[in-house]
Amino acid sequence: MIHQATIEAQALPAERIARALDEALDPAPVAVGLFDRGEGRFEVFAHYEEPPRHDALRALIAQAAGGDGHGPLRIEELAPEDWVTLSQGKRGKVEAGRFV
């Protein structure tokens, strides 16, 4: 089972948070991502094999954000899914033209 920690922040603190999560050893993430939500807001997520300690992540995020504001930390368990098939199903038809 994968556990996902998610938080929103402005661009610069979001980049610092993503870097800190990626470099952390305890808890060590399986993956870290950063998505542009528009209007200067970014979502940072990290996936973990075991549920991360909420207080440890909050401390790491607060230090990385350097006093810049950020949204609440959410930690949730992700249901097992075939993410490749799901993501391909959301893409539209690809027009490639003629192959020679």
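Glu8 is partly exposed in this predicted model, with a relative accessibility of 26%. The side chain of Glu8 meets that of Arg41 in a salt bridge, at 4.0 Å from N to O. Arg41 is likewise partly exposed, at 25% relative accessible area. The pair links distant parts of the chain. Glu8 lies in strand E1 (residues 2-10), whereas Arg41 lies in strand E3 (residues 41-48). The two residues are 33 residues apart. In general, side chains of opposite charge can pair when their charged atoms come close.

The whole structure holds 3 salt bridges. Another of them joins Arg37 to Glu43, with the closest N and O atoms 2.8 Å apart. Glu43 counts as buried, because its relative accessibility is 11% and the cut-off for burial is under 20%. A further salt bridge pairs the side chains of Arg53 and Asp55, at 3.5 Å from N to O. Arg53 is exposed, with a relative accessible area of 51%. Asp55 is exposed too, and it sits on helix H2, on the face turned away from the buried side.

The protein chain contains 3 helices and 4 strands. Their order from the N terminus is β-α-β-β-α-β-α. The radius of gyration is 16 Å, well over the 13 Å that the globule rule gives for 100 residues, so the chain is more spread out than a compact globule. The C-alpha trace spans about 55 × 30 × 20 Å along its principal axes. Of the 100 residues in the chain, 31% are buried. The accessible surface comes to about 7100 Å². Carbon and sulfur atoms account for 52% of that surface. Contacts also reach across the sequence. Among those between residues at least 6 apart, 67% join residues at least 24 apart.

Helix H1 covers residues 11-23 and has 13 residues. From first C-alpha to last, H1 reaches 18 Å, close to the 18 Å expected at 1.5 Å a residue. Its buried residues are Pro13, Ala14, Ile17, Ala18, Ala20 and Leu21. These cover an arc of only 165° around the axis, which puts them on the same side of H1. An α-helix has 3.6 residues a turn, so residues three or four places apart point the same way. The other side of H1 carries the exposed residues Leu12, Asp22 and Glu23. The buried residues of H1 pack against E1, strand E2 (31-38), E3 and helix H2 (54-65).

Helix H2 shows a buried side as well. It has 12 residues and reaches 16 Å from its first C-alpha to its last, close to the 16 Å expected at 1.5 Å a residue. Ala56, Leu57, Ile61, Ala64 and Ala65 are buried in H2. Their arc around the axis is only 155°, which puts them on the same side of the helix. The face turned away from that side bears Asp55, Arg58 and Gln63, which are exposed. Cover for the buried residues of H2 includes E1, H1, E3 and strand E4 (74-78). Just after H2, Gly66 takes a positive phi of about 60°.

Notes. Residues numbered from 1 in each chain as written. Predicted model: local features only at pLDDT ≥ 70, side-chain atom pairs only at ≥ 80, totals over all residues. Heavy atoms only, no water. Buried < 20%, exposed > 50% of the residue type's maximum accessible area, 1.4 Å probe, protein only. Expected span 1.5 Å × (residues − 1). Arc of directions from axis to C-beta. Contact = heavy atoms within 4.5 Å. Rg over C-alpha atoms; globule rule 2.2 N^0.38 Å. Areas by Shrake-Rupley, 256 points an atom, 1.4 Å probe, with all protein chains shown as cover.
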